[in-house]
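Thanks for asking me to look this over. Here are my notes, point by point, to read alongside the model.

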Amino acid sequence: MAKNLFKNGYFTSGLVYLVGLLGVSVLYFIITGDKVPEVGLIKDQNGDMISPPYSPLDYPPLGTDNFNRSVLLLILVGAKYTIGIGILITLLRVIPAVILGLVVHFNLKGIRKPLNSIVDASNFFPPSLLAFLLMNWVMLEGPLMNPDHFPYQFADKLLLYIIIMVVISLPSLTMLFANEYDKIMSNEFISCSKVLGASNRQYITKHIRPFIVPQIFLIMIREFIIVMLLIAHLGVLSIYIGGSSLQEDTFGNSMFVSLSNEWSGLLGGWWTFLWTTYPWIAFIPVIFISLTILSAKFMLIGASKVVENYYVPDDMEDQDPAPHTSNAEAEIDPFSLVKEK
């Protein structure tokens, strides 16, 4: 199936964009250590000094920001942190949810209804607002109100950011997988396995695994898109990955600046430029976040087509049912979880 994935134009184009951007960002770190120097003063055609920040026409290709730093270099520096943290959060969301879903399915059947009700009710609360409320003190208000004696460092704030981003999604993903396991285990071939004395381990490896593995791959891509959107929303609310520091820009204004120059920090710091004579600054992180989400969407479209066309569970390959026996596995939609979500 991997060969077919790379042959798919949608999947390959999205993957090339993400890997290429990550690769260039890491290479820039290796060469320069993520240093972004300030741009010197530029003269116009008449020899007069131009006041920074510079537009993309004055300083190609993307101009400079309110600290007179190259916007292109800032985007390159922040790419590995933004995309890397997005991938890490996605893995920490999906992998535990797969395991916890099995625990809920096999061991917590007696409390499934109240669990489903609680999770369904919690889904109506906006995740970006919930994350903001949980992170606000450590990320924003604490450093602002008590800058000299604030106890949390960059590593502490980064860890808190990751934990909250994972925890707010884990219950819904867990119940999503648990409900999918219920659908798989309600089919005819499971009844035959029960009569033959199959164990939970055999159910997981022989019956659940063939149907759930491709869905896990697709859900990981979908969750990455959700995480990137959530990161962007938090950036607008001034909640940055790893926190921020208060600095004075070229205009003498004090503002919060991301410690790692990741894209949500750039978006949050430059958002107010939409209402100034420098609106291009605000649009650049929006464009790159949108392109990243679009590339992941391409990967999801391509992977969905490939998996639906080429994926056949191992159990179905080995089966040779008698004429009077119905092939229960053939009746399962192996992608109901993805389509349902």
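1. Strand β3 (residues 244–248) pairs with β4 in the antiparallel sense over 5 bridges. Here two strands pair if DSSP finds at least two bridges between them, and the elements are DSSP runs numbered from the N terminus: helices are H or I with at least four residues, strands E with at least two. Within this pairing, Ser244 stands opposite Ser258 in β4, and Leu246 stands opposite Phe256 in β4. The hairpin of β3 and β4 has 5 residues between the strands, and Gly252 there takes a positive phi near 85°.

2. A word on the basis: this is a predicted model, where local features need pLDDT of at least 70 and side-chain atom pairs count only at pLDDT 80 or more, while totals for chains, interfaces and linings use all residues. Residues are numbered from 1 along each chain as its sequence is written, and side-chain values use heavy atoms, with hydrogens and water left out.

3. Strand β4 (residues 254–258) is mostly covered, with 4 of its 5 residues buried (buried means under 20% relative accessible area, exposed over 50%, partly exposed in between, with a 1.4 Å probe and protein chains only). Helix α10 (residues 263–270) has 8 of its 8 residues buried, so α10 is largely enclosed by the rest of the structure. Among the buried residues of α10 are Trp263 and Trp270.

4. Please also look at α2 (residues 9–32), a helix of 24 residues that reaches 34 Å from its first C-alpha to its last, close to the 34 Å expected at 1.5 Å a residue (the expected span is 1.5 Å times one less than the number of residues). Asn8 caps the N-terminal end of α2, with a side-chain oxygen 3.0 Å from the backbone nitrogen of Tyr10. Buried positions in α2 include Phe11, Leu18 and Tyr28. Just after α2, Gly33 takes a positive phi of about 70°.

Technical notes: A polar contact is a pair of N or O atoms within 3.5 Å; within protein, one must be able to donate a hydrogen and the other to accept it, and residues adjacent in sequence count only if both atoms are side-chain atoms.
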